[in-house]
Amino acid sequence: MIELEGVSVVVPGSRHGQPDRTLLGDVSLRLPEHRVCVIGANGSGKSTLLRLLNGMRQPTAGSVRVNGHSTVDEVRAVRAQVGFIFTDPLAQLLMSTPIEDVELSLRSTVRNRRERTRLAQRLLDERNLGHLAHQSIYDLSGGERQLVALTSVLAVEPHVVVADEPTTLLDLRNRMALRRTFAELPQQLVYSTHDMDVAADAQRVVVVDGGRVVADGPPVESIAFYEAAMRVGP
């Protein structure tokens with residue numbers, strides 16, 4: 001269970017008289033659903049909201065808990081349970097080949113190097129990426145990189161997967177492939193997107209605007225609210 005209670009995130013103003021900037025203000029959510037999507041315009045606060053869920057961003061006020069663990073006081077326990085996928089997989093793929101990156105994720109749990117390599121290869125095979133195991137990350141397509149990043153995250157068996165606009169850089173084929181992969185995940189998935197078809201895959205859609213939750217409910221209702229707001233404009 002993910003719980004946010006009275007959460008605000010404020011960036012202090014500069015010494016030159018610039019005012020404080022509120023990225024999120026007084027957000028309270030309980031997220032028990034298996035698939036939750038967060039939508040909103042650029043700069044609305046949705047990325048800040050997602051980064052709170054694994055402790056990458058700390059709340060200025062309020063609390064964030066994942067399965068009872070505080071993202072402030074128990075950040076290591078939270079990160080062991082929450083895997084994070086970035087918009088651009090090159091921001092998180094640290095090694096030069098897929099198999100090396102998956103092995104890196106496994107290093108803390110599988111001490112034997114030969115066994116670690118064997119397991120990494122099996123995990124890549126399960127995602128139909130085995131034939132790319134020893135290719136350069138830079139020779140892969142955007143969709144292949146995103147699936148490698150997901151494989152590395154899943155290698156440590158998190159309970160929750162958080163994905164920040166994971167389809168933004170993908171073409172239609174790779175976007176469809178990632179949607180199928182997400183649909184099959186046993187983990188809870190919390191993700192953001194600008195693609196309303198991808199948003200509609202969720203069980204619940206949260207709309208964020210100006211750092212606040214302005215709509216929250218079934219996909220049809222939340223997406224209709226968001227699209228109407230975008231037609232009206234600021």
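Rings of Phe, Tyr and Trp, the last by its six-membered ring, count as a pair if their centres lie within 6.5 Å. The model to which this rule is applied here is a predicted one.

Q: How many aromatic pairs does the count come to by this rule?
A: One of the pairs is that of Phe182 and Tyr191, whose ring centres are 6.4 Å apart, and both of these residues are buried. By the rule on ring centres, the count of aromatic pairs comes to 2.

Q: Are the rings of Phe182 and Tyr191 stacked, edge-to-face or tilted?
A: Planes under 30 degrees apart would count as stacked and those over 60 as edge-to-face, with the rest as tilted. The planes of Phe182 and Tyr191 stand at 35°, so this pair is tilted.

Q: Which word describes how α3 is set relative to α4?
A: Helix α3 (residues 98-106) packs against helix α4 (residues 113-126) at an angle of about 120°, with the axes 9 Å apart. Angles of 65 to 115 degrees count as roughly perpendicular and those over 145 as roughly antiparallel. The angle between the two helices therefore makes α3, relative to α4, oblique.

Q: Is Leu185 buried or exposed?
A: Leu185 lies in the loop between α6 (172-184) and β8 (188-192), and, leaving aside residues up to four places away in sequence, it touches His34, Arg35, Arg127 and Leu154. Buried means under 20% relative accessible area. Because its relative accessibility is 4%, Leu185 counts as buried.

How values were computed
Residues are numbered from 1 along each chain as its sequence is written. This is a predicted model: local features need pLDDT of at least 70, side-chain atom pairs count only at pLDDT 80 or more; totals for chains, interfaces and linings use all residues. Side-chain values use heavy atoms; hydrogens and water are left out. Helices (H or I, at least four residues) and strands (E, at least two) are DSSP runs, numbered from the N terminus. Buried means under 20% relative accessible area, exposed over 50%, partly exposed in between (1.4 Å probe, protein chains only). Contact means heavy atoms within 4.5 Å. Axes are lines fitted to C-alpha atoms, for helices over the stretch in contact, and angles run from 0 to 180 degrees between N-to-C directions. Angles under 35 degrees count as roughly parallel, over 145 as roughly antiparallel, 65 to 115 as roughly perpendicular and the rest as oblique.
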